[in-house]
Amino acid sequence: MRRWWLPLLAMLAFCTEQNRIVVHDSNIDDRTKPDVGENFDLLHVPVTTYTAQKPGFYAVHDSSDWLFIWKDPRHDAQPPPAPREIDFRKEMLFVATAATEGAKAIKVTKVIGQSSGIHVYVTETLGGPGCPVEPGPPAMDIVAFKSSAFDIHVHHDRIHADECGPPPDAVALCRTAGAGLPGNPKITATAGQTVDCDASGSRARTGSIVDRGWQLTNLPPGSATKLTVGAQSLGVTLVIDAWGTYDLSLLVRDDSRSASTTATIEAPPPDVGVPIELHWTSFTRMDDASIFPHVELHVVDVANPASDCNAAVAKPWCDVHVTGTVQQAVLRPEAGKTYRAFVSYQDFRLKGSPVACVRMFPKDKPSVVLCDESLRAAGAVWEAGTIDEATRTLYDPKKGKPSADAGVPAAKPDAGAVEHKNPF
């Protein structure tokens, strides 16, 4: 007697041993993504030798499943052998083959096991907008993980590569405010001036500019200047407060690409006379300058202590200007006169508060910074040193005047002073 139900039983057994594959478009149905589960260890199989694969997603448990993927109508077709390193008694393969024409890559990024089934995450990278479709076999990825008969849920993401063609033109032009000059990516300004920079010259090669970002990437020591950003980030303004170099970075984005450029503002100290700068260190530009200890920079004629040049009182041979938290003096020495610089504290300087520093500018050499790290009481004076106009440096009169080619302070004239060297 023929047992008619045996083929049916065999078919049912075959169906229960195979994985049912359910594909979810991750861009549409995020609710299918599991948050927790068992992360399967993945082994990516090299695919460089496989060139005739069928598009789609496949679960491979044995050699028969493997041959199905490579089914070729040609009578003399020879399918490639299954990877030798895979043990089908313990492992299974998952094959992802891109179905989109021109897909650049497809990759299985993770596999998570849950009671609801196996969740496989696949990212397909499509060609960028305007990019030509290159001929060739479909992109493919093959991974191995521990064998399972559960349903496989494929979460399929599609992303685009960068757009073909040139990036946008990033243009940052700066000018001193009110000067009526055309903008330039490199300008010279003086302390106390306001500088305007704009990105209106930036252009997208394809599409349109969708975003602009400005950032101060380099500042002189002690500068506390901040950017004021205009509408739609088309322009920014900043106040030059310290002598040195300011680098301003602009990043522009169009519909798919980005480009950057840098504008540079040079604020050199004056060539005539002896420039002296008092600034703060150990602070950020977010600090409130009103909570700093109140200090004043003074330059006096050693022979006439009453001849005090400071921000409130200028002298024919000296003047002091204040911009934000920075004080700058320019000494124009008179013949036969000797001058000294000191800093007076009107408030206490407590532990942990910003540190006052005097910066000198030797000709053709890096600037030199001398900082007062001592704790100071209100009314205290920090003797920064005697000014050597030939080298544009400070020195300790008790140790004698340095040689003309020294270029740096010969001594630390105050017990609380610490010397720092900074490139201009």
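Author: Cys357 and Cys371 are both buried, where buried means under 20% relative accessible area, exposed over 50%, and partly exposed in between (1.4 Å probe, protein chains only). The two form a disulfide with their sulfur atoms 2.0 Å apart; a disulfide here is a pair of cysteine sulfur atoms within 2.5 Å. The torsion about this S-S bond is about 105°, so the link is right-handed. Helices (H or I, at least four residues) and strands (E, at least two) are DSSP runs, numbered from the N terminus.

This is a predicted model, in which local features need pLDDT of at least 70 and side-chain atom pairs count only at pLDDT 80 or more, while totals for chains, interfaces and linings use all residues. Residues are numbered from 1 along each chain as its sequence is written, and side-chain values use heavy atoms, with hydrogens and water left out.

Searching the whole structure gives 3 disulfides. Another of them joins Cys174 and Cys197, with 2.0 Å between the sulfur atoms. This pair links distant parts of the chain, 23 residues apart: Cys174 is in strand E10 (residues 173-176) and Cys197 in strand E12 (residues 194-198). Its S-S torsion is about 110°, so the disulfide of Cys174 and Cys197 is right-handed. Cys174 is buried at 1% relative accessible area, and Cys197 is buried at 2%.

Cys309 and Cys318 also form a disulfide, their sulfur atoms 2.2 Å apart. The link of Cys309 and Cys318 is left-handed, with -80° about the S-S bond, and both cysteines are buried.
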